[in-house]
Each structure stands twice: as C-alpha cells, then as structure tokens.
Amino acid sequence: MKPDTSTGHKGLELEEPLLFELDGRDRSGVDLPEPDLSNNRLGGLERTAPIGLPGLSEPEVVRHFVRLSQKNYSIDGNLYPLGSCTMKHNPRINEKIARMPGFADAHPLQPESTVQGALEVLDTLGHWLKTITGMPAVAMSPAAGAHGELCGLMAIRSAHTANGDPRKRVLVPESAHGTNPATATLCGYKVDPVPGNDRGRIDLSAVKAKLGDDVAAIMLTNPNTLGLFEDEVLEVAEAIHSVGGYFYCDGANLNAIVGRVRPGDLGVDAMHINLHKTFSTPHGGGGPGSGPVAFSEALAPFAPLPQVVTKDGKLHLLETKTGEAAQSFGRLRSFHGQMGMFTRALAYMMSHGADGLRQIAEDAVLSANYVLSQLQDDMSVAYPAPCMHEVLFDDTFLEGTGVTTLDFAKAMIDEGYHPMTVYFPLVVHGAMLTEPTESESKASLDNLISTLKYLADKAKSGDATHFTEAPRLAPRRRVDETAAARNPVLRWAPPSSPAQAAE
Ligand SMILES: *Cc1c(COP(=O)(O)O)cnc(C)c1O
C-alpha cells in the first residue's frame, strides 16, 4: 500500500522505484566513442540483442542509491534495541585506522615480507583475544559467529576422530541460538536438546542425565540468550569433561563479561568471539562479520590453517599441516580472515585499553538493568532481576488486550524505533529481547523507556487498533512475510500488460 499522497512520497521520505522501473534505455552516465568492430575476435559470440540493463544518467543513479540508503535504520541514526546482536556505536577511530592504505590496500597474496604490519595486526589481535578469554590458542579465519561455531565443532570432531572415538551426540540447551543446533547437525551430530530450569539457566540434572560416552560436546551460551549468567557453568564443564566430551561456549554475549570473566577459567574448550558484536565492528545487512575462535590446550592442535607463527625473527603464515599444525583440520576458507574487521577490532581494543574493556561490560550490564528496573511494572519481565547485558520481556502484560508481541513491535516503528528482537528465545512466550549496550546515554535510554511505557499503557487502555494497524507511518505497512518467504520474487520482469504496469 502506497502512502496517501499524489507523489507517493511521505513528507521527506521519498518513494523509490527499482532502477529497472526508472529505465530510460537511451540514457547513459558515460559518453564512450563508438567501438571499432573491424577487429572483432568474438568468433560469432557477440551479443545481438540489447543487454537489458537500465539506461540512466549519473544523477539518477546517485539519487536512487542515496534514497535507498536513507531508508536504512542504523545505529548511526538512533538506538537500535535488538537483543542478541549487540548493536553498539562503531567509533570513528576504528574506521580511520582501517582505511590507512597499508591496511586497506594490502592483498592476501602479497609476499610476506611486504605485509609484516598486517600480520602483526593478526598476531596482536590474537594475543588480546587469548588474554581476554584466558585460552592458549586462537583461530582468526572464521567469517562470523556461526562460522566460528563450525570451526569449533570441526576441531572437536577432529579431536574425537584422532582419538579413534568419533561420537554421535551434541547437547544443546533449548534456549540456544538457532545456529548452535544447525552447526552440530552440519557436522553430522545428533542434537540432543537440554531443557532450562525455572531460573532460566540450563538444568544441570538434565545435563547429567543425558551424559554418556557417545556425547561429543555441549554447546552452551554464557551469558545465555535469556540475558542470564549460567551460574552452574563450572559444574556443567566438569560434567561434560567427566565423559570425555568438550565444552563449546557460544561467546556471542561476551560483551557482558569482557574483562570480568575469562571463559578459559570456566572450563571452556572452544569459543567463538563475534568481533562485530563485542568489539564494535559494523554489522547488519548481512555482514561482514568476523568470528575468531579461542581454543583450550586440548583442542589447540586441531585449530585450522593458516596460523601466524614467528620464523627467523619474522612473522609467517603457516599454511600447511606441518610442525605445530600437523594435526590441524585444515583450511576453513580462502585466505586469512576479515582483515578490515581485525583492524577495526584492534583499534577498538587499543583505544579502550584493559580498563576500558572491563568498563564496557560493567556499563552494558548497568544499562540493561536500568531499562529493566524502569519497565518491570509496565511490561512483564520473563525472569526475575537482575539481568546481564540484555532484558527479556514476555507477553504476559499484553494478555487480554488483543495486542500481540508482533503488533507491539510494529507500533515501535511508528515511534521511530527499530523493533526489539521478538519471539526469540523460543522458550519464552511472545518474547521481546532488548540489549541497549553501553554506548547509549541515560537520556537515550530514558527516551526508549518512555516510549515503551507509553505503548504498554496504550495497549492496556484498550486501544488495540493502534497496534494492529501499525506501522501507519512507515513507507510500507505490513507485508505478507509468509508469502514473500514461500514465493520469493527475486527477478524483475517487464510488465506484460499496461494494467500491470500501472499497478
Ligand atoms: C549473533 C549470535 C550468533 C551468530 O553469530 P553470527 O555472527 O550472526 O553468525 C550465535 N549465537 C548467539 C547467541 C548470537 O547472539
């Protein structure tokens, strides 16, 4: 449904057709001389029909992409209340460092002697990550959190295989991020779900009941996806180790504990770190991410290639299964990892220093608890306070109002906020998860709080249509997401009839 104006524009928010719909065909942004076809060496393969690309002038193309970019909700524009994603400010110093030509223009196939600085970034960042996690080894190449999980479980599988005991099952809590069971399945394991207890933590007795000598690993997120610290984590580690299994920790929530807790001290054998979450490299829109994996002594020999080592006083990329990497499971991807993300993450760490990194965790937890304390009487908190870095509400406060979690989320759009994470984690009914992060001011948190209070009051006052008709002010109202997922139209086709063209 288009906005109710003659132009289709809505205030200063401009409608934007596809480039193909703007098509002028005979227009062009460049003026090239006619090609000389006398020396055609295409052997009859030359194109005979028009190429079908839109013909547009430079200003038309510039406006198109600028208008699209203005439709993007971003952390640079407002608080981004998603839970689980750690949408924090990306300091501009990171960008400045990443754009330095020595980093930005380096090529992965350059001779090592010419990229010693880039290798030092890899090595120094690895050193910080090992120090922060309290773990002796790190693999830098994984391209995201989910890829890090794959890396961790491939190392675990290699360790069991090397031991002549491949094993079959991986324990995964019911509250886990979907990537955990997906990863275990991809590695050929059977996922055995473990229920939580009434305090929102993993049920230790259920873990113990499921143990057996066919269990390869447990994948536990700490703090977990309900925003709570797993307070029996030491017992979980001891239990899994007692049957020869490994402890994979999903480290996506490191922001809550960085500088305060070393996962290595909790008995963790492998853990990915989402640089694009905790260490503030930009994310959203599908990437790029970066998910280095820290390993315990037991798993370090199986870590992937390449590895940065020192050889004859110079840094060197070990790319073959030799020497200390003889048992490596091999390469996970082409080249060495997300160099731009490494540079940004290291700039972030060095500009904060050890004390600053610790303060990140403290302030992130403080922000979340402030939001929780201000909203606990207006909305319903899924588990009693305090929380770690994120606040989890359920839909009890909407009972009898005719408003669902989805409606509530859509009404946030009309108020100028991207919705929270909704319906995740699955173990909480009508979940609404928000992670304010340490980079929001108190004034910014207060704005979010008063907006959510206003909406909660409005829902309870019986004004359900305010929600069921939301968003009223967005460029598009509610789209049929199910139809879009089942019948994705990914390719523009010229309208076949004038009626269709006018639609
Ligand atoms: C974000 C997240 C992941 C996946 O990380 P990606 O970088 O998006 O692949 C895994 N687990 C948890 C708990 C997360 O929040």
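I began with how α6 passes α7, and found a right-handed crossing (a crossing is right-handed if the near helix is turned clockwise from the far one by less than a right angle, and left-handed if anticlockwise). Helices here are DSSP runs of H or I with at least four residues, strands are runs of E with at least two, and both are numbered from the N terminus.

A note to myself on the source: this is a predicted model, where local features need pLDDT of at least 70, side-chain atom pairs count only at pLDDT 80 or more, and totals for chains, interfaces and linings use all residues. Residues are numbered from 1 along each chain as its sequence is written, and side-chain values use heavy atoms, with hydrogens and water left out.

Next I looked up the angle for this pair. The axes of α6 (residues 145-162) and α7 (residues 179-186) come within 9 Å and cross at roughly 40°. Axes are lines fitted to C-alpha atoms, for helices over the stretch in contact, with angles from 0 to 180 degrees between N-to-C directions. So α6 is oblique to α7 (under 35 degrees counts as roughly parallel, over 145 as roughly antiparallel, 65 to 115 as roughly perpendicular, and the rest as oblique). Among the residues in contact I listed Leu-150 and Leu-153 of α6, and Thr-183 and Leu-186 of α7; contact means heavy atoms within 4.5 Å.

Then I turned to α5 (residues 116-133) and α11, whose axes come within 10 Å and cross at roughly 45°. That makes α5 oblique to α11, and their crossing is left-handed. The residues that meet include Trp-128 in α5 and Phe-342 and Gly-353 in α11.

Gly-353 made me look along α11 itself. A kink of about 100° is centred on Gly-353 (the bend is the angle between axes fitted to the seven residues ending there and the seven starting there).

My last stop was the loops. I found a cis peptide bond between Ala-385 and Pro-386, with omega about -5°, and Pro-386 sits in the loop between β10 (380-381) and β11 (391-394). Another cis peptide bond joins Phe-424 and Pro-425; Pro-425 is in the loop between β12 (421-422) and β13 (432-434). Ser-84 is not a glycine, but has a positive phi of about 80°, and I located Ser-84 in the loop between α2 (58-70) and α3 (92-98).
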